[in-house]
Amino acid sequence: MKQTDVIIIGAGPVGLFAVHQLGIKGLKAVVIDNLDKAGGQCIELYPDKPIYDIPAVPECTGEQLTTRLLEQIKPFKTELFLNERVDEVKQEKDNWVVKTNNKNQFTAPNIIIAGGVGSFEPRKISLKEAEKLEGKSVFYTVKNKEHFRNKKISIFGGGDSALDWALELSKFSRITLIHRRNEFRGAQHTLSEIRNLEKEGKVSIKTPCQIESLDNEKELKSITIKFDDGKTEKIQTDVILGFFGLIMKLGPIAEWGLNMDKKTIEVNSENFETNKKGIFAAGDICSYPGKLKLILSGFHEVALASVECFKRARPNEKYRFEFTTSSKIIHDRLGKK
Amino acid sequence: MPKITYKDHQGTSKTIEVENGLSVMEGAIQKEIPGIDADCGGSMACATCHVYVDDKWFDKIPKAEDAEIDMIDMAFEPKKNSRLSCQIIVNEELDGLEVTTPEKQT
């Protein structure tokens, strides 16, 4: 079990800035996120879209914002636990114990939930048979491409994941790329490479159509797709790869005994503590009168929450408010002379 | 005020008045119409306010931007008449608009 001062759930901009606000106060933190990289919605939903309302930054993309925040928290050498979802939160005396789906355990007097709208999870095919075959012949991510060698693969989706994997796996497997409309939103140069492979007969592209049924007895043999005009077609398939994008699910957060308002966590607006002492919520996931779901609001929220975190983590020390411009201690913590 | 009708996948319908200038999503959230979640708050960053627009209305509302169509790819069972209700702004001309919420939003 890892002991720290604050467990931060969510590595989006607000979770990352929390590391900074805690770090300059001398507090240690760990960050846990279900995605495979830091940045949260900024990276997953709009990496290339400009953001215009970060104070003193007239324009930056979600990716740039994330990169800069990671740079800003570098001095604190904080460990990020990615690809991990927090499943359980339990109280043990004055501490909270957090367990993840990777069986990691953390303990700290404070938790800051900066979970956005919950964890990102792949959208799945809503057919019952697809559910039964998930992990056997229906997949939503590629962990090891060797599993997909010499197969008949039907890839669904119109974004970069669908296009990239269609191209990559076509090197050693028979690919059918299926999308619900004729336009693909993924990179056009990848699409033109795939179109070339189609001309050579190495890849088939089927649009505009959607999955109608999976034809299987124990093992997947083929699927039936339905075109917009009502026609159906059977496609020999051993493996289905679905890239329908990610959806945000609140997930286990709802079960931690926190006061909720729909999908958000109620907090006070003095220190952003929830109804549980030592559990804070900030960013899009918290609600209080007048709440705005802006990145800048989240920054303010974690700044205030970090003060209360300090008081709980260092009950015998007096909290002193200091400016980064003039505090020698903060300069030391930032590695500045 | 324009009246908007929200139907669920089983056909149960509810008609409410929505102020001009609000989105069909905002109207639904104010009156707590089930089936419209709007997780992202209307910034076209999720697809949880996805609705099917009644055929006779589909061509009367301004066409979807590319970004909206891309996002609809991520909705539950998108169809030809799929729209994100956060992008449909109510005005007098939409008085009587009918939308249907999908079986589920996630």
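**A strand with two neighbours**

In strand E23 of chain A, A:Ile279 is the bridge partner of A:Ile111. The model is predicted: local features need pLDDT of at least 70, side-chain atom pairs count only at pLDDT 80 or more, and totals for chains, interfaces and linings use all residues. Residues are numbered from 1 along each chain as its sequence is written, and chains are lettered from A and ligands numbered from 1 in the order in which they are written.

Strand E10 (residues 110–113) of chain A and strand E23 (residues 279–281) of chain A pair in the parallel sense, over three bridges. Two strands pair if DSSP finds at least two bridges between them. Strands (E, at least two residues) and helices (H or I, at least four) are DSSP runs, numbered from the N terminus. E10(A) is also joined to strand E2 (residues 6–9) of chain A. That pairing is parallel too, with four bridges. Here A:Ile9 stands opposite A:Ile113.

Which way do the residues of E10(A) point? A:Asn110 and A:Ile112 point one way, and A:Ile111 and A:Ile113 the other way. In a regular strand the side chains alternate between the two faces of the sheet. All four of these E10(A) residues are buried. A residue is buried if 20 or more other C-beta atoms lie within 10 Å of its own, exposed if 12 or fewer, and partly exposed in between, with C-beta atoms placed from the backbone.

**An open sheet and a helix**

Another part of chain A holds an open sheet of four strands, in the order E1-E9-E8-E7. Its pairing is mixed. The edges are strand E1 (2–3) and strand E7 (86–92) of chain A, each pairing on one side only. Strand E8 (residues 95–100) of chain A and strand E9 (residues 105–108) of chain A run antiparallel, with four bridges. Within that pair, A:Val97 stands opposite A:Thr107.

Helix H6 (residues 188–199) of chain A has twelve residues. At 1.5 Å a residue it should span 16 Å, and its end C-alpha atoms are 16 Å apart, so the two agree. The expected span is 1.5 Å times one less than the number of residues. After H6(A) comes A:Gly201, with a positive phi near 80°.

**Chain A as a whole**

Chain A has eight helices and 24 strands. Its C-alpha atoms fill a box of roughly 70 × 40 × 40 Å along the principal axes. Of its 337 residues, 41% are buried. Chain A is divided into domain 1 (2–121 + 247–333) and domain 2 (124–244); such bounds come from an automatic or database domain assignment. The C-alpha centres of the two domains lie 38 Å apart.

Now take contacts in chain A with a separation of 6 or more: residues 24 or more positions apart account for 58% of them. Two residues are in contact if their C-beta atoms, placed from the backbone, lie within 7 Å.

**Where the chains meet**

How many residues does each chain bring to the contact? Chain A brings 18 and chain B brings 13. On the side of chain A, strand E20 (residues 246–249) gives the most, with three residues. That side divides into six nonpolar, five polar and seven charged residues. Ala, Val, Leu, Ile, Met, Phe, Trp, Tyr, Cys and Pro count as nonpolar, Asp, Glu, Lys and Arg as charged, and the others, Gly among them, as polar.

**Chain B**

Chain B has three helices and five strands. Along the sequence they follow the pattern β-β-α-β-α-α-β-β. The radius of gyration of chain B is 12 Å, close to the 13 Å from the globule rule for 106 residues, so chain B is as compact as a globular protein of that length. The radius is taken over C-alpha atoms, and the rule is 2.2 Å times the number of residues to the power 0.38. The C-alpha trace of chain B spans about 30 × 25 × 25 Å along its principal axes. Buried residues make up 38% of chain B.

Strand E1 (residues 3–7) of chain B and strand E2 (residues 13–17) of chain B run antiparallel, joined by five bridges. B:Tyr6 stands opposite B:Lys14. Five residues lie between the strands of this hairpin, where B:Gly11 takes a positive phi near 100°. E2(B) is hardly covered: of its five residues, the count of buried ones is zero.

Finish at B:Lys80, in the loop between helix H3 (66–72) and strand E4 (82–84) of chain B. Is B:Lys80 buried or exposed? B:Lys80 is exposed, because 12 other C-beta atoms lie within 10 Å.
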